[in-house]
Each structure stands twice: as C-alpha cells, then as structure tokens.
Amino acid sequence: RAELHVKSGIKVQDFPGPQSVVIFGQGGMRYDDPASFAASLLNEILGGGRFSARLMTEVREKRGLTYGIGTGLASYDHAEALMGQFQASNDKVAEAIDVIKAEWAKIATGDVTEDELKNAKTFMTGSYPLRFDGNGTIASILVGMQIMGLPSDYPKTRNARVEAVTMADVKRVAARLFKPDDLNFIVVGQPVGVSANE
C-alpha cells in the first residue's frame, strides 16, 4: 500500500451558483495501525459526528459560515485519507478555509483537553452498539469486518480499545497524523477572495 501524499494548496473549479462546495484533506492512517483508535478519537474531536466537534463549533456555531462541516478517516485500496467537506456562501468560503487551517495546525500540536478526550470516548463507545440495529445492518458490519481482516471478536473488544487510549497516545498520534503542510482544499464554485495556489 502506498501513503497518500498531497501538498497544501487550494484548487478552484469555477461553477456558477451562490454557494461553493469544499472538500479538504490529507493522507490518513491504516485502520489496522495500532494508533488507529487514537486517530479516530482525534478525528471525532476535530470534525466528527457531534455538534461539539471543534470544526462545528468554530466554523458553524461561532461564525455562522456553514450549516454543517465534518471530517472522517477513510481507508481505500491503495491509500488512506483524512478528509472533510462543507458548503458555504461564496463570500464565506475564504474565512472558513482560514479557520480550518488554524484548527488543523492547533490539533497537530496535541492541544486536546481531558474533557474533549472523555467526551469523544463516551460518544464513540456509546454510539457503537446502536449500529447493530437489524439483521441487514449486522450482516453488513460482519462483511465489512471480513473485508478489513478484523478478528471475529472485534465487536466485543472495540470499545475497550477505545477506552484504553491515553492522553499521551492522543498527543503522540496527533503529531504523526495531522500535517498542516499537506492540507489541501478543492473548491467547486465561485468563492470570493479565494484563488488557486497549487
């Protein structure tokens, strides 16, 4: 498997309309990496599925730049990625990008609080059992586990592995995972004050 290498920059694809769609990201981490649970917690803190995630707080709640924003770790056949997406009015895209860059650089330093880590663990462990809500869903999860090569006891051990992540783990993995110099943005729209610099 190859590591995904991207360089920081912004690419703008002109498309008429009142809003722009922005996808951003960098290389990620393999799901079978021993640090993957710390990486998942860091992703949850930065841009996961909660309204209290940093990007939702900074980009939506404090500044009203978008209705929603999120990030996720993805594992592909030949590389891994840490990616996010949002939509914003063309006049708000530039500020949103600046906020995302700042938050990316901040979390890369390991600047995470005990409360953030505790809350992310609570969300990840509490929401996991809710996935097993029907035969079709369970079958899909089991097939996904087989494809990924996860052991058959993964559903029983997964939450304990999340809980075992320490603050020291989070700080170490943050420095390894988040690479502000590799953060790349692709903007589709007509953003004001945003120019391609690839």
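A residue counts as buried under 20% relative accessible area, as exposed over 50%, and as partly exposed in between. The views that follow are all taken from a predicted model.

View 1. M148 belongs to helix α5, which comprises residues 135–148. Although M148 and V194 are 46 residues apart along the chain, their C-alpha atoms are separated by 39 Å.

**View 2. The packing of helix α2 against helix α3.** Helix α2 (residues 54–61) packs against helix α3 (residues 93–108) at an angle of about 155°, and the axes of the two helices are 10 Å apart. Because angles over 145 degrees count as roughly antiparallel, α2 is roughly antiparallel to α3. The crossing in which α2 passes α3 is right-handed. On the α2 side the contact is formed by R54, L55, E58 and V59, which meet A96, V99, I100, E103, K106 and I107 of α3. Sorted by class, the residues of this contact are 6 nonpolar and 4 charged, with no polar residue among them.

**View 3. The buried residues of helix α2 and their surroundings.** The buried residues in α2 are R54, L55, M56, E58 and V59. These buried residues pack against strands β2 (19–27) and β3 (69–75), and also against helices α1, α3 and α4.

View 4. A94 is located in helix α3, where its relative accessible area of 23% makes it partly exposed. When neighbours within four places in sequence are left aside, A94 is in contact with V192, G193 and V194. A94 and S195 are 101 residues apart along the chain, yet the separation of their C-alpha atoms is 9.3 Å.

**View 5. The length of helix α4 and its buried residues.** Helix α4 has 14 residues (residues 114–127), which at 1.5 Å a residue should span 20 Å, and the distance of 20 Å between its end C-alpha atoms agrees with that expectation. Buried in α4 are L117, A120, K121, M124, T125 and S127. The elements that cover these buried residues include α1 (36–47), α6 (154–163) and α7 (167–177).

**View 6. The packing of helix α4 against helix α6.** The axes of α4 and α6 come within 9 Å of each other and cross at roughly 175°, so that α4 is roughly antiparallel to α6. K121, M124 and T125 of α4 make this contact together with R158, N159, V162 and E163 of α6. By class, the residues in the contact of α4 with α6 comprise 2 nonpolar, 2 polar and 3 charged. K121, M124 and T125, the α4 residues of the contact, are also among the buried residues of that helix.

**View 7. K179 in the loop between α7 and β5.** K179 lies in the loop between helix α7 and strand β5 (184–189). With a relative accessible area of 31%, K179 is partly exposed. The C-alpha atoms of K179 and M145 are separated by 29 Å, the two residues being 34 residues apart along the chain.

Technical notes
Residues are numbered from 1 along each chain as its sequence is written. This is a predicted model: local features need pLDDT of at least 70, side-chain atom pairs count only at pLDDT 80 or more; totals for chains, interfaces and linings use all residues. Side-chain values use heavy atoms; hydrogens and water are left out. Axes are lines fitted to C-alpha atoms, for helices over the stretch in contact, and angles run from 0 to 180 degrees between N-to-C directions. Helices (H or I, at least four residues) and strands (E, at least two) are DSSP runs, numbered from the N terminus. Angles under 35 degrees count as roughly parallel, over 145 as roughly antiparallel, 65 to 115 as roughly perpendicular and the rest as oblique. A crossing is left-handed if the near helix is turned anticlockwise from the far one by less than a right angle, and right-handed if clockwise. Contact means heavy atoms within 4.5 Å. Ala, Val, Leu, Ile, Met, Phe, Trp, Tyr, Cys and Pro count as nonpolar, Asp, Glu, Lys and Arg as charged, and the others, Gly among them, as polar. The expected span of a helix is 1.5 Å times one less than its number of residues. Buried means under 20% relative accessible area, exposed over 50%, partly exposed in between (1.4 Å probe, protein chains only).
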